[in-house]
Amino acid sequence: MKQVTIYTDGACRGNPGPGGWGALIKFDSMEKEIFGGKNDTTNNQMELLAAIEGLTTLKEPCSVELFTDSKYVMDGITQWIKNWKKNNWKTAAKKDVKNKELWQKLDHLISKHQVQWHWVKGHSGDAGNETADLLANKGIDSIV
């Protein structure tokens, strides 16, 4: 199984506002940078979309080390999602899960791969995270 590393980040200018996502995908000695943006979105949606788009680039099942600086994505995918699914996509407070469609898409994508999730502190000098941050801002710049 191929070993892939993905660094993801999302950004928003205003929340909600114009947003961008970016991902750096590393396999062997190859690197691929992807990014995109949306006009009216939230930071959390862009963080989720960065992980979704990064995983979508993979053409076959892979062993993935995925790095995010988003506690929302990290906690959602490693802790909260099990109960959301069990409770028909409702929170413990019986409210609809925010960004349900994005969470469902991410859940579907990770079922195809072996994903290890890692949280990194944003803007702390981690080279992969810094690149993903630049790509997310490039995503915003591509639409404004």
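**Overall fold and interior**

In this predicted model, residues 24 or more positions apart account for 65% of the contacts in the protein with a separation of 6 or more. The protein has 4 helices and 5 strands, and from the N terminus on these elements follow the order β-β-β-α-β-α-α-β-α.

The C-alpha atoms fill a box of roughly 45 × 40 × 25 Å along the principal axes. A compact globule of 144 residues would have a radius of gyration near 15 Å, and the protein agrees because its own value is 15 Å. Of the 144 residues, 47% are buried.

Turn now to the interior. In soluble globular proteins, nonpolar side chains tend to be buried together. Here the largest nonpolar core has 32 residues, of which Ile6, Leu55, Trp103, Leu106 and Trp117 touch the most other members. At least two residues of this core come from each of strands S1 (2-12), S2 (17-27), S4 (62-68) and S5 (114-119), and from each of helices H1 (43-56), H2 (71-86) and H3 (100-110). H1 gives the largest share, 7 residues. Apart from this core lies another, of 5 residues, including Leu24, Phe67, Val120 and Ala132.

What does Ile6 touch beyond four places away in sequence? Its partners include Leu24, Ile25, Leu55, Val64 and Phe67.

Helix H1 has several buried residues, among them Met46, Leu49, Ile52 and Leu55. Its 14 residues should span 20 Å at 1.5 Å a residue, and the model agrees because the end C-alpha atoms are 20 Å apart.

Conventions: Residues numbered from 1 in each chain as written. Predicted model: local features only at pLDDT ≥ 70, side-chain atom pairs only at ≥ 80, totals over all residues. Heavy atoms only, no water. Core = buried A, V, L, I, M, F, W, Y, C linked by side-chain atoms within 4.5 Å. Buried < 20%, exposed > 50% of the residue type's maximum accessible area, 1.4 Å probe, protein only. Contact = heavy atoms within 4.5 Å. Expected span 1.5 Å × (residues − 1). Rg over C-alpha atoms; globule rule 2.2 N^0.38 Å.
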